[in-house]
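Thanks for coming. I will go through one structure this morning, starting with its pockets and then moving to the rest.

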2 protein chains.
Amino acid sequence: MNDLDSLIRLFSHLPGFGARSARRVVLNLVKNKEKKFSPLIESMKKVYETVDTCPVCGNFDTVSPCSICSDPRRDKQQICVVQDVADLWAIERSGAFRGHYHVLGGLLSAIDRIGPEDLRLDLLHDRIIDNQVQELILALPTTVEGQTTALYIENELKGITHITGLAQGIPFGGELDYLDNDTIFMAISSRK
Amino acid sequence: MNDLDSLIRLFSHLPGFGARSARRVVLNLVKNKEKKFSPLIESMKKVYETVDTCPVCGNFDTVSPCSICSDPRRDKQQICVVQDVADLWAIERSGAFRGHYHVLGGLLSAIDRIGPEDLRLDLLHDRIIDNQVQELILALPTTVEGQTTALYIENELKGITHITGLAQGIPFGGELDYLDNDTIFMAISSRK
């Protein structure tokens, strides 16, 4: 296998890629060597060398602790618990939250043999105590695993801080006709 | 903008990518630093340093002339003309052709101001003479530009070699109900 084929193969193993899209991207890079290929390699090298998991919250960043944990303007007494770094980034983009985060790195799952000890929960406990956290927001998915994990955290930590969860209902711009039954059921039951 | 954001931005400018898929790929790389990120960077560097346009046919390869042009088992007296390297790779994957290629790098287009002098046609003429090419297969798209280009090449070169085109009809596994009218019209008119 030549170098071009191995590069296409590596790309095709990334999420959202197949053989066809990998070839398309590699061809595009080769056609734009100076404008796209070279800057992409440089940027990847830089990120590869500097990116790391924040020892405090579990976010990925090129500085440690991450830029959120080290921002003095953010409220240390609010912690939002998320499953994954992708969820943290999504909440950051919304601009609705100015506290700190805690990335679990997974959810409790009997099938995948993920127990509480795998989810950085000791660290969360210590952070709550050390920073006198007033509110812990559980921003976990509304799946069985997500809700099991939320329930577990609630039971473990309800004595030491106030625990809240995300509001559930109809998404912004959501048309009733296109929403699933469970969402509509939930939105009607929790009407206010 | 931090390094992670600039990397996501670079990815989002690649074909088939948007902001969401770029974030997803970057997160996946960061989560698999040794297994995916590092090998991808190494492979990209290698390709970046060695890949080039084949001076004979216009293919991309890490050797020059490309591995197709330098393969002595391939028939030098057949040349297949394609618009783009992606088309060359597609024909190679089919395994149906064992001759040589000629990549035009575009199609005649009045709107995009692409004239015959932009399409490596002088080179094609010389290759036909030098190698006593017996057959020139025009594998160009069935668009207005593709057919205009095919017609132009036919008029220019029909005196010095035999010119053929790809068969047109129903694709393999194609169900009539799902095919567009033009394809069905073509397939019926060209029945054999």
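**Pockets, interface and a few local details**

By class, the residues lining the second largest pocket are 11 nonpolar, 6 polar and 2 charged. Before I go on, please keep in mind that this is a predicted model.

Staying with that second largest pocket, its space comes to about 460 Å³. Its lining is made of 19 residues, and those nearest the centre are L138(A), A139(A), L140(A), P141(A) and L166(A). Three elements of chain A, namely helix 4, helix 6 (144–157) and strand 6 (162–165), each give at least two residues to this lining.

Now the largest pocket. What is its volume? The figure is about 600 Å³. Here 23 residues form the lining, and L138(B), A139(B), L140(B), L166(B) and A167(B) are the ones nearest the centre. On chain B, at least two lining residues each come from helix 4 (85–94), strand 5 (135–139), helix 6 (144–157) and strand 6 (162–165). Sorted by class, the lining of the largest pocket holds 15 nonpolar, 6 polar and 2 charged residues.

On to the interface between the chains.

As for polar pairs, 10 residue pairs are in polar contact across the interface, counting pairs with both residues at pLDDT 80 or more.

Next, the charged pairs. Side chains of opposite charge can pair when their charged atoms come close. Over all chains, the structure holds 12 salt bridges, and the count between chain A and chain B is 4. One salt bridge joins D84(A) to K31(B), where the closest N and O atoms are 2.8 Å apart. Another joins K46(A) to D3(B), with the closest N and O atoms 3.9 Å apart. This second pair crosses between chains, running from helix 3 of chain A, where K46(A) sits, to helix 1 (residues 3–12) of chain B, where D3(B) sits.

Where is E135(A) found? The answer is strand 5 (residues 135–138) of chain A. Leaving aside residues up to four places away in sequence, E135(A) touches Q77(A), Q78(A), I79(A), T161(A), H162(A) and T164(A). With T164(A) there is also a polar contact from side chain to side chain, at 2.9 Å. Along the chain, E135(A) and C80(A) are 55 residues apart, while their C-alpha atoms are separated by 8.3 Å.

Last, some backbone geometry. In chain A, the peptide bond from S64(A) to P65(A) is cis, with omega near -5 degrees. P65(A) is located in the loop between strand 2 and strand 3 (75–82) of chain A. In chain B, the peptide bond from S64(B) to P65(B) is cis, with omega near 0 degrees. P65(B) is in the loop between strand 2 (60–61) and strand 3 (75–82) of chain B.

One more backbone angle to look at is in R113(A). Is its phi positive or negative? The value is near 55 degrees, which is positive, and R113(A) is a residue other than glycine. R113(A) belongs to the loop between strand 4 (99–103) and helix 5 (121–130) of chain A.

That is the end of my list.

Conventions
Residues numbered from 1 in each chain as written. Chains lettered and ligands numbered in written order. Predicted model: local features only at pLDDT ≥ 70, side-chain atom pairs only at ≥ 80, totals over all residues. Heavy atoms only, no water. Salt bridge = Lys/Arg side-chain N within 4 Å of Asp/Glu carboxyl O. Polar contact = N/O pair within 3.5 Å; in protein donor to acceptor, adjacent residues only side chain to side chain. 1 Å grid on protein atoms, 1.4 Å probe; cavity = no way out; pocket = protein on both sides within 12 Å on 5 of 7 lines; lining within 4 Å. Points joined across faces, edges and corners; volume = space filled by probe spheres on them. Helix = DSSP H or I, 4+ residues; strand = E, 2+ residues; numbered from the N terminus. Nonpolar A, V, L, I, M, F, W, Y, C, P; charged D, E, K, R; others polar. Contact = heavy atoms within 4.5 Å.
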